[in-house]
Number of protein chains: 2
Amino acid sequence: MPSASSPAPSESYHTQHSPFGAFASFTLGLVDSPGGFGHALRGPARQNLYIGFRASTKTDWNLLPYFTPPKSNETAFIGEAAVPQAPKNYRSLRPGDYDRHLGWASDTWRAGDNRFTFSLLTPFSRIPDPAKLRGEEARFFLAPLVCGFIEYDNRQGKTPAELIFGVGEPDLGLHPLSDDASPLAGFSCGTDFGYATKPGKNVELRQGFDVFTPKFRDYRGLLVIGGETALVFTVPAGQKKRFPLALGFYNAGTITTGLASSYAYTNHFADLRDALAHGLQHHARYTRLARDRDAELDRSRLNADQRFLLAQSTHSYLGNTQLLWHRGKPLWVVNEGEYRMMNTFDLTVDHLFFELEWLPWAVRDTLDLFVNRYAYTDRIRISDRLVPGGLSFTHDMGVMNHFTPPGRSSYECDNVEGCFSHMTMEQLLNWVLTAVTYAEKTGDRPWLRRNKSLLLACAESLHRRDHPDPKKRDGILKHDTSRTGTHGWEITTYDSLDVSLGQSRNNLYLAVKTLGAWVLLENAFARLGLKKDSADACATADLLASSLTKKFETDTGFFPAVFEKGNRSRILPAAEGFVYPLYLDYRDAIDPAGRFAPLFDQLRQHLTQALKPGVCLDATSGGWKMSSTSRNTWFSKIALAQHVIRELFPESLSEAALAADRVHADWQRQPGCGAFALCDQILSDTGVTCGSRYYPRGVTAWLWLLEK
Amino acid sequence: MPSASSPAPSESYHTQHSPFGAFASFTLGLVDSPGGFGHALRGPARQNLYIGFRASTKTDWNLLPYFTPPKSNETAFIGEAAVPQAPKNYRSLRPGDYDRHLGWASDTWRAGDNRFTFSLLTPFSRIPDPAKLRGEEARFFLAPLVCGFIEYDNRQGKTPAELIFGVGEPDLGLHPLSDDASPLAGFSCGTDFGYATKPGKNVELRQGFDVFTPKFRDYRGLLVIGGETALVFTVPAGQKKRFPLALGFYNAGTITTGLASSYAYTNHFADLRDALAHGLQHHARYTRLARDRDAELDRSRLNADQRFLLAQSTHSYLGNTQLLWHRGKPLWVVNEGEYRMMNTFDLTVDHLFFELEWLPWAVRDTLDLFVNRYAYTDRIRISDRLVPGGLSFTHDMGVMNHFTPPGRSSYECDNVEGCFSHMTMEQLLNWVLTAVTYAEKTGDRPWLRRNKSLLLACAESLHRRDHPDPKKRDGILKHDTSRTGTHGWEITTYDSLDVSLGQSRNNLYLAVKTLGAWVLLENAFARLGLKKDSADACATADLLASSLTKKFETDTGFFPAVFEKGNRSRILPAAEGFVYPLYLDYRDAIDPAGRFAPLFDQLRQHLTQALKPGVCLDATSGGWKMSSTSRNTWFSKIALAQHVIRELFPESLSEAALAADRVHADWQRQPGCGAFALCDQILSDTGVTCGSRYYPRGVTAWLWLLEK
């Protein structure tokens with residue numbers, strides 16, 4: 001049951017702190033776990049982080065618990081003659097010893113009666129079209145870094161206090177930035193990542209086997225064969241001091257295969273040193289940006305749990321963003337978390353709302369790349385015959401920095417019944433919905449006009465998948481693509497749930513999404529002056545709505561998840577397709593008493609009954625479940641469903657349903673999900689992730705900010 | 001005791017298969033362990049390798065045991081709805097099921113009644129000076145690849161047999177080479193490494209969660225989100241077929257920091273595809289080269305254990321080589337195994353003999369870089385006064401692809417008593433010995449002339465470290481560099497042994513090495529027409545030899561390891577310093593009845609007594625120990641000592657001492673060392689490594705080939 005009234009368990013979760021478009025994260029936050037700098041990884045890196053303070057040089061260090069007990073690597077060099085001493089003069093703070101607050105663009109820790117503050121800042125903002133970004137503006141928006149600071153209030157102190165920020169990476173090794181002719185105080189790992197502060201008399205570099213009590217020091221006090229590094233800051237008695245930090249990434253050269261490209265930021269930054277220096281130079285501006293974001297979220301009507309969920313989601317989204325450069329042009333990719341599939345269309349259509357606010361050009365560029373490289377025309381199966389199908393798009397564009405060949409995804413296989421099959425109908429809908437939503441929201445009429453014939457081809461493709469014979473159409477997908485082979489079937493994005501959401505044909509979720517697509521096409525065609533096509537889309541939408549109403553089980557008051565074989569699963573994404581007309585404020589389509597009133601009435605009944613414990617509220621946890629017959633639930637889709645239901649079906653929300661924000665937030669705040677930052681696939685009874693870790697899609701929660 | 005007569009235990013050891021100068025290895029051979037492609041790593045990579053055969057498509061695969069049981073990564077995608085099936089239709093061959101033979105340039109496995117053969121070829125050869133290499137010759141010598149083949153003799157078979165060569169790398173992901181417009185059949189991991197064969201109708205690509213029984217196949221039969229890849233070859237009934245393999249590495253762009261440089265091979269190869277295609281195109285020539293090397297070792301007088309030791313050592317040496325390019329010129333580095341220190345001078349002086357045979361320019365270039373960037377002039381401590389010292393050189397040039405600042409090593413610290421202190425005297429000797437040996441062996445007179453003043457400065461520096469006052473000199477180092485600080489002392493390369501070898505002052509090993517240096521200077525100065533300096537060097541050598549004879553303990557018949565504080569450790573490197581005059585065949589210096597006859601007599605007594613069980617033969621294993629008072633022994637130095645003793649003190653060799661080759665080979669063939677390919681530091685009783693893993697220095701064993 002919802003745990004809104006029970007005391008919150010102590011938090012332990014990783015958060016990705018990421019530059020925009022660098023597919024890189026500085027990850028930390030899981031208690032007693034390492035993290036640190038990672039590029040293109042499936043999950044957190046494994047560096048020990050030493051972040052803390054001590055009130056005087058005579059006392060032990062107090063460290064945030066983001067490391068495993070450091071061992072000295074001295075033995076490897078000295079052999080058995082050594083008596084290596086692992087560092088001892090520290091204590092690892094327990095969660096009760098510090099406060100952590102995750103803002104929309106900041107992550108801040110306080111300890112030692114608030115004398116100690118450590119904060120990481122992710123200054124995300126509206127990114128101008130990179131194709132037009134030049135000079136200092138390009139550097140500002142594309143800098144591959146995150147900022148932060150470390151602070152101690154020693155105004156009441158009688159002795160100098162010390163602060164530490166350090167990273168242990170014995171496998172790769174770090175070196176002082178000064179060795180690369182950088183004026184900064186800090187360390188770099190090869191040419192790939194590093195951290196820095198401004199040099200000064202209160203800043204000391206440490207490197208060796210033990211940064212707390214260095215045993216070996218060379219002419220400058222370091223031992224560069226040691227994998228442990230740190231900046232140690234002194235705060236004189238009677239003073240309060242804040243030291244800026246810049247954490248940077250730099251990956252030069254060709255990053256992707258299949259389609260060779262490099263990071264866009266390499267056009268604007270010479271190397272890591274350049275990026276770190278820029279970060280410290282513009283530290284105040286980046287800090288203001290982060291403060292603006294934090295304030296926006298704090299000003300919102302979201303409750304604390306919702307704010308946390310959106311903040312955590314945004315951090316993981318940014319960690320998966322990748323702005324590449326290919327033949328003189330931007331090439332935009334969002335990676336799919338632990339799977340690292342590239343521009344998975346199922347995610348694009350969900351990131352849509354967030355991206356239209358912050359980087360609308362990314363939506364356009366992704367649509368264009370789907371058209372130019374990842375479109376195909378198929379045939380469809382009717383009984384055992386193959387007949388012409390129509391236009392559609394692949395599920396993704398590749399995986400792990402590899403672009404798949406034109407017209408082919410990394411995921412879709414032939415002759416498969418279930419996961420890894422094709423998603424032809426789903427991706428066709430995704431293109432239509434993303435395209436029209438983009439064009440309508442941004443008012444990009446020239447783009448809409450350029451894609452007129454494509455939208456018409458999409459409409460025709462939708463029709464034919466219903467039935468090639470117009471007389472036999474009811475608006476619902478009934479025919480699988482020939483790409484599924486001789487015995488496979490098309491699947492939906494909900495492929496890893498049970499069959500209630502896995503099959504495309506006669507699928508409730510997909511049918512309502514199809515309805516959304518026809519409503520958007522109706523408007524787009526009207527905008528394009530295609531009156532006949534607009535009327536056809538309108539008529540198809542009405543036909544489909546009418547067909548849907550006939551699927552309603554009057555005996556149970558539910559829709560079945562699949563209109564086949566007596567399926568009786570109950571699903572929350574029943575109304576997902578209405579998010580697009582809702583977002584575009586197409587009043588006629590979203591008026592409960594309007595054009596689709598009968599369908600709305602049925603959906604309201606369906607959702608009201610579904611949002612009860614034991615149906616689509618988990619009987620144990622109280623969390624929302626996508627399907628009554630699967631305990632695998634997806635946070636990003638919960639967020640989307642919450643938005644649609646709160647806006648269009650508020651009567652369906654029971655107290656239990658409303659209380660679930662706390663449940664969903666606790667899932668992410670606990671190690672079951674938190675070990676991998678934002679997780680999407682979660683077992684609804686235990687709150688433990690079962691897939692889609694380190695995942696970008698939680699930014700569907702951004703829709704919550706649109707609610708009145 | 002020596003185990004020469006006991007049955008050999010079954011072998012389990014990794015071997016590095018490495019291109020020349022790419023600091024990269026394809027490592028395999030440890031039973032039930034992964035390995036594979038690694039670049040700049042401290043030890044083996046962690047990829048599963050699938051290498052084997054089956055007599056028909058109906059039977060299970062027989063695989064060499066170089067993997068951990070493969071798991072399907074399907075669950076991460078499917079969630080709990082999945083019933084992922086780990087591959088089952090294989091058996092992992094046990095060591096008794098296959099024969100493995102490591103040649104000097106090949107590693108070959110046979111199984112299935114010799115029907116199955118798999119071989120990796122490391123075609124090393126005399127490398128011309130890279131500064132002068134051009135065009136096709138440069139491509140041939142610098143290609144970042146190793147070759148191999150896989151074969152099945154199905155002439156007696158009634159059904160098609162199959163062969164497999166595959167790599168599982170789920171963290172990084174691989175993709176088919178054809179996606180990068182390569183005509184080859186194979187896979188690439190990003191742009192960094194890959195493997196290929198020639199395409200043909202008997203070659204099939206596999207990729208997915210399971211390469212043995214692929215469950216999911218896309219339009220071309222692959223699933224590129226799967227981290228498991230393989231080439232599967234068909235051998236028709238009645239035929240014997242051999243398929244070539246090329247394994248390649250490619251690391252573009254700036255590789256080092258401190259001194260920015262890239263791999264030399266990137267000047268000659270566009271990318272990984274180019275390298276792999278080259279490897280298959282020139283497969284026959286590379287194979288011939290490897291066969292030539294194998295035959296040379298097989299023709300030698302070395303016994304089987306010695307051959308194995310030299311072969312294993314050469315493989316690990318090549319894996320640590322790194323030919324870089326800096327401002328239009330070659331930049332040569334040998335990395336120091338797991339420590340990855342760069343051009344550690346203690347290693348350079350030992351690699352010297354091997355390198356003068358195979359790549360003499362590398363010796364010259366390293367000497368020049370020590371002069372141009374890593375030389376310094378110090379002061380020395382007399383009582384508590386600092387007085388001018390002289391020229392010397394740093395211990396190394398950096399660590400983990402980072403070049404340290406001029407005049408500074410990554411290793412040497414101040415105010416240290418023991419490991420991590422400075423090695424000023426040791427490195428001064430190393431420069432003198434390496435320089436004169438290079439110039440005399442190659443006959444590079446212009447280089448010798450260019451370095452005349454430097455050699456004179458070295459001689460003066462040697463003198464002053466004995467004593468600034470000529471009247472107080474006896475040839476033995478007595479004064480530490482000021483770099484050791486207020487309370488440190490200079491150490492020798494044997495720093496991780498006990499004090500018997502760790503202190504430089506009054507050190508037997510270092511004193512005899514100093515004698516070697518003066519002998520070489522005597523000759524070099526004569527060659528340069530510096531009669532007076534030659535005479536001085538001659539006199540100093542004689543003085544030092546005479547001083548040494550006075551340190552002999554007539555009561556015990558031993559030299560003490562350190563001429564201080566009643567030290568009574570007994571060490572084998574007592575005669576190490578004679579390897580240089582021996583190598584250069586300076587008859588007067590190495591004639592037992594000649595100029596140093598009294599010293600030779602004493603050394604013979606010392607060594608004869610030392611080479612007894614319980615002294616410098618380990619009482620448990622029979623292996624050679626560097627010091628009677630440390631169980632940490634070093635293979636590379638054993639090999640060197642064996643050479644010197646067999647050539648100059650053959651009477652000292654007891655049966656037990658002679659039988660130890662088997663012990664030393666077994667250490668490396670067993671997992672105690674074999675888990676890290678060639679290991680240098682070994683506990684002499686257990687044969688388990690205690691440092692210096694994945695190490696290049698074993699090529700001192702190359703000296704054995706010079707023995708008559």
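Start by selecting B:Lys565: does this residue count as buried or exposed? B:Lys565 has a relative accessibility of 78%, and anything over 50% counts as exposed, so that is the answer here. Keep in mind as you go that this is a predicted model.

While you're there, look at the backbone. Most residues other than glycine have a negative phi. B:Lys565 isn't a glycine, yet its phi is positive, near 50 degrees. You'll find B:Lys565 in the loop between helix H13 (531–549) and helix H14 (579–583) of chain B.

**Another positive phi, in chain A**

Now jump to A:Ala40. Here is a second residue that is not a glycine but has a positive phi, this time of about 60 degrees. A:Ala40 sits in the loop between strand S3 (36–39) and strand S4 (48–54) of chain A. Its relative accessibility is 15%, so A:Ala40 counts as buried.

Next, select residues 24–28 of chain B, which make up strand S2. How many of its residues are buried? The count is 5 of 5.

S1(B) and S2(B) run antiparallel and are joined by 3 bridges, with B:Gln16 partnered by B:Thr27. The two strands form a hairpin with 6 residues between them. In that turn, look for B:Gly21, whose phi is positive at about 75 degrees.

Then bring in strand S3 (residues 36–39) of chain B. S3(B) is joined to S2(B) by 4 bridges, again antiparallel. B:Thr27 turns up here too: its bridge partner in S3(B) is B:Gly36.

**A sheet in chain A**

Over in chain A, pick out the open sheet of 3 strands with the order S18-S19-S20 and antiparallel pairing. Which strands are the edges? They are strand S18 (262–263) and strand S20 (329–334), each pairing on one side only. Zoom in on strand S19 (residues 321–326) and S20(A), which are joined by 6 bridges; one to find is A:Leu323 with A:Trp332.

**Two packed helices**

Stay in chain A and select helix H7 (residues 360–372) and helix H8 (residues 424–442). They pack at an angle of about 140 degrees, with their axes 10 Å apart, and the crossing is left-handed. Show side chains at the contact: from H7(A) you'll see residues including A:Leu367 and A:Phe370, and from H8(A) residues including A:Trp431 and A:Tyr438. The residues of this contact divide into 8 nonpolar, 2 polar and 1 charged.

**A buried methionine**

Now select A:Met626, in the loop between helix H16 (597–610) and strand S25 (632–634) of chain A. Its relative accessible area is 0%, so A:Met626 is buried.

Finally, zoom out. A rotation of 180 degrees with 0.0 Å of shift along its axis superposes chain B on chain A, with an RMSD of 0.0 Å. That is the relation of a two-fold axis. To locate the axis, select B:Gly253, which comes closest to it of the residues of chain B, at 3.3 Å (C-alpha). As for the interface, 100% of the interface residues of chain B are also interface residues in chain A, so the copies meet through the same surface.

Note on methods:
Residues numbered from 1 in each chain as written. Chains lettered and ligands numbered in written order. Predicted model: local features only at pLDDT ≥ 70, side-chain atom pairs only at ≥ 80, totals over all residues. Heavy atoms only, no water. Buried < 20%, exposed > 50% of the residue type's maximum accessible area, 1.4 Å probe, protein only. Pairing = 2+ DSSP bridges. Least-squares fit on C-alpha atoms with pLDDT ≥ 70 in both. Contact = heavy atoms within 4.5 Å. Axes fitted to C-alpha atoms, helices over the stretch in contact; angles between N-to-C directions. Left-handed = near helix turned anticlockwise from the far one by under 90°. Nonpolar A, V, L, I, M, F, W, Y, C, P; charged D, E, K, R; others polar.
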